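This briefing covers charged side chains: how they pair, and where like charges gather. Please keep the sequence and the structure in view while reading.

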Amino acid sequence: MDKTELAKLQDYLRRTFSNTNITVRARMKKTDSAEVYLGEEYIGIIHVDDEDGDRSFNFTMAILDVDLEG
């Protein structure tokens with residue numbers, strides 16, 4: 001993913017979740033995914049899917065049971 005695509009993904013997530021604290025950052029040595037942060041806390045990863053000529057993105061966020069303890 002290049003800087004333009006990262007910026008578009010970040011803008012999309014910020015609009016979708018109404019939160020300007022979301023950032024999408026490039027990964028070291030990886031071009032097929034990016035990291036997603038809320039403030040300085042890592043919350044998930046976005047993977048690129050180029051299968052069948054259609055480009056799409058999959059956002060994965062793990063939620064631990066201890067995080068639900070609230």
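**Charged side chains and their pairing**

Asp-11 counts as partly exposed, at 39% relative accessibility. Its partner in a salt bridge is Arg-15, and the closest N and O atoms of the two are 3.1 Å apart. The model is predicted, and it holds 4 salt bridges. Side chains of opposite charge can pair when their charged atoms come close.

**The pair within helix H1**

- Asp-11 and Arg-15 both belong to helix H1 (residues 3-17).
- The two residues are separated by about one helical turn, because they are 4 residues apart in this helix.
- Arg-15 has a relative accessibility of 55% and so counts as exposed, whereas Asp-11, at 39%, counts as partly exposed.

**The pair between a loop and strand E1**

- Glu-40 and Arg-25 form a salt bridge in which the closest N and O atoms are 3.5 Å apart.
- Glu-40 sits in the loop between strand E2 (30-38) and strand E3 (41-49), while Arg-25 is in strand E1 (residues 22-27), so this pair ties together parts that are 15 residues apart in sequence.
- Glu-40 is exposed, its relative accessible area being 67%.
- Arg-25 is partly exposed, with a relative accessible area of 29%.

**The network**

- Asp-50 and Arg-55 make a salt bridge, with 2.8 Å between the closest N and O atoms.
- Glu-5 joins Asp-50 and Arg-55 in a network of salt bridges.
- Asp-50 counts as partly exposed, at 45% relative accessibility.
- Arg-55 is likewise partly exposed, and its relative accessible area is 41%.

**The negative surface patch**

- Which residues form the negative surface patch? They are Glu-41, Asp-65, Asp-67 and Glu-69.
- Residues in such a patch have over 30% relative accessible area and no salt bridge.
- Glu-69 has a relative accessible area of 67% and is therefore exposed, which also puts this residue over the 30% needed for a patch.
- Glu-69 is placed in the segment after strand E4 (56-60).

**Points to keep**

- The salt bridges include Arg-15 with Asp-11, Glu-40 with Arg-25 and Asp-50 with Arg-55.
- Glu-69 belongs to the negative patch and lies after strand E4.

Methods. Residues numbered from 1 in each chain as written. Predicted model: local features only at pLDDT ≥ 70, side-chain atom pairs only at ≥ 80, totals over all residues. Heavy atoms only, no water. Patch = residues over 30% accessible without salt bridge, like charges linked within 9 Å, V, L, I, M, F, W, Y side chains within 5 Å. Areas by Shrake-Rupley, 256 points an atom, 1.4 Å probe, with all protein chains shown as cover. Salt bridge = Lys/Arg side-chain N within 4 Å of Asp/Glu carboxyl O. Lys, Arg positive; Asp, Glu negative; His and termini not counted. Charge placed at Lys NZ, Arg CZ, Asp CG, Glu CD. Buried < 20%, exposed > 50% of the residue type's maximum accessible area, 1.4 Å probe, protein only.
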